[in-house]
Amino acid sequence: MPKSSAADRTHRLVSSPAGRIHLVEQGTGPLVLLVHGFPESWYSWRHQLTALAAAGHRAVALDVRGYGRSSRPDGVAEYRMLDLVEDCVAVVHALGERTATVVGHDWGSTVAATSALVRPDVFRAVGLLSVPYTPRGGPRPSDVFAGMGGPEEFYVSYFQRPGRAEAEIEPDVRGWLAGFYAALSGDTMPGPGAPDPHFVSPGGTLRERFPAGPLPHWLDASTLDVYAEEFERTGTRGALNRYRNMDRDWEDLAAHDGSPVTQPSLFIGGALDASTTWLADAIAAFPTTLPGLVSSHILEGCGHWIQQERPEDVSRILIDWLAALPA
């Protein structure tokens, strides 16, 4: 197996419907596109870039539109899911490829699944981390979220009103990110009986429920600096605009109501992650919703930031899955 290191990475800007997409590329071989979630960047895939490259893949991690060095369109509606899918397609084509495997985490998982759903001509296989595939259907998302939490407000609803979450985060980006990462990490999340950091008290903030202890084991000061410096430079509006398009996505994808993703697929979740536990029914439905599922893994003791909390395990699972895909 060839050796690979961070020094082998190439940064590139490519044209897309967003304007430009920044990506980081490492290795040669079949293309694997890595899509991050909130509030991260291409850097969340740093461990997998090196591991996948060493295993004989062309690993490419992008900054989703609104993040990092990628374009940040002004209009809220320019962050709808189908626009992000077209960005992924544009990256594949800009790299001179016709097809790719797409792997996503958090919001990136939904981007990856939707990319596979609507562009099966481009995306031949799909890996989903933390957030399981749930087909489009049911009531309007904003109505569902508004009914959660009783007198408290679900964090998605809190993020949906433009300007409100920005006002909480941007006066202290580094501190807010540290708390948010800790709140959802397996080794630092609040214990049973503590206020749930996914909800906001009336008139309160999310930050009030973040743990005040040490950083998670995967998040040293220099890693936190990478994320904080990017968001201090760009602001958080572009990233938060993803949450403000969920009703538009529901409308845009009406033709795909209940549709399965049929390509070869993979799921990896953390046993302590609310995305895994709250969506246990979605995981149980995989035989119907992901009929091409090759393997599904739940990592014990792991929270939400799965490819950073357990980089070796995630990289090994990805490499084994990729090796089993049809040529």
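This is a tour of one protein chain, stop by stop, for use in a viewer.

**Before starting**

The model is predicted, so local features are given only at pLDDT of at least 70 and side-chain atom pairs only at pLDDT 80 or more, while totals for chains, interfaces and linings use all residues. Residues are numbered from 1 along each chain as its sequence is written, and side-chain values use heavy atoms, with hydrogens and water left out.

**Stop 1: the whole chain**

Show the protein chain as a cartoon. It has 15 helices and 10 strands; these are DSSP runs numbered from the N terminus, with helices being H or I of at least four residues and strands being E of at least two. Along the principal axes, the C-alpha atoms fill a box of roughly 55 × 45 × 40 Å.

Of the 327 residues, 56% count as buried. Buried means under 20% relative accessible area, exposed means over 50%, and partly exposed lies in between (1.4 Å probe, protein chains only). Among contacts with a separation of 6 or more, 76% join residues 24 or more positions apart; a contact means heavy atoms within 4.5 Å.

**Stop 2**

Select F38 and P39. The peptide bond between them is cis, with omega near -10°. P39 belongs to the loop between strand 3 (31-35) and helix 1 (46-54).

Next, select D106, in the loop that runs between strand 5 (100-105) and helix 3. Its phi is near 60°, a positive value in a residue other than glycine. D106 counts as buried because its relative accessibility is 9%.

Then go to S130, in the loop between strand 6 (123-129) and helix 4 (141-146). S130 is not a glycine, yet it has a positive phi of about 75°. With 0% relative accessibility, S130 counts as buried.

**Stop 2: the largest pocket**

Select V131, T134, F145, M246 and L279. These are the closest to the centre of the largest pocket among its 42 lining residues, and the pocket has a volume of about 1,200 Å³. On a 1 Å grid over the protein atoms alone, a pocket is an open set of points with protein on both sides within 12 Å along at least five of seven lines, a cavity is a set where a 1.4 Å probe fits but cannot get out, and lining residues have an atom within 4 Å of a point. Grid points are joined across faces, edges and corners, and a volume is the space filled by probe spheres set on the points.

Which helix gives the most to this lining? Helix 3 does, with 6 residues. Other helices that each supply at least two residues include helix 5 (155-160), helix 10 (246-252) and helix 11 (274-277). The lining divides into 28 nonpolar, 9 polar and 5 charged residues. Here Ala, Val, Leu, Ile, Met, Phe, Trp, Tyr, Cys and Pro count as nonpolar, Asp, Glu, Lys and Arg as charged, and the others, Gly among them, as polar.

**Stop 3: the second largest pocket**

Select M189, D196, P197, H198 and A274, which lie nearest the centre of the second largest pocket. About 200 Å³ of space lies in this pocket. Its 15 lining residues comprise 10 nonpolar, 3 polar and 2 charged.

**Stop 4: the largest cavity**

The whole structure holds 4 cavities of 30 Å³ or more. For the largest, select V64, Y67, L84, W107 and R242, which lie nearest its centre among 14 lining residues. The space in this cavity is about 90 Å³. Helix 3 (107-118) and helix 9 (237-240) each supply at least two lining residues, and helix 3 gives the most, with 3. The lining is made up of 8 nonpolar, 4 polar and 2 charged residues.

**Stop 5: V294**

Finish at V294, in strand 10 (residues 293-299). V294 counts as partly exposed because its relative accessibility is 45%. Leaving aside residues up to four places away in sequence, V294 touches P264, S265 and W321. To A6, the separation is 288 residues in sequence and 30 Å in space, C-alpha to C-alpha.
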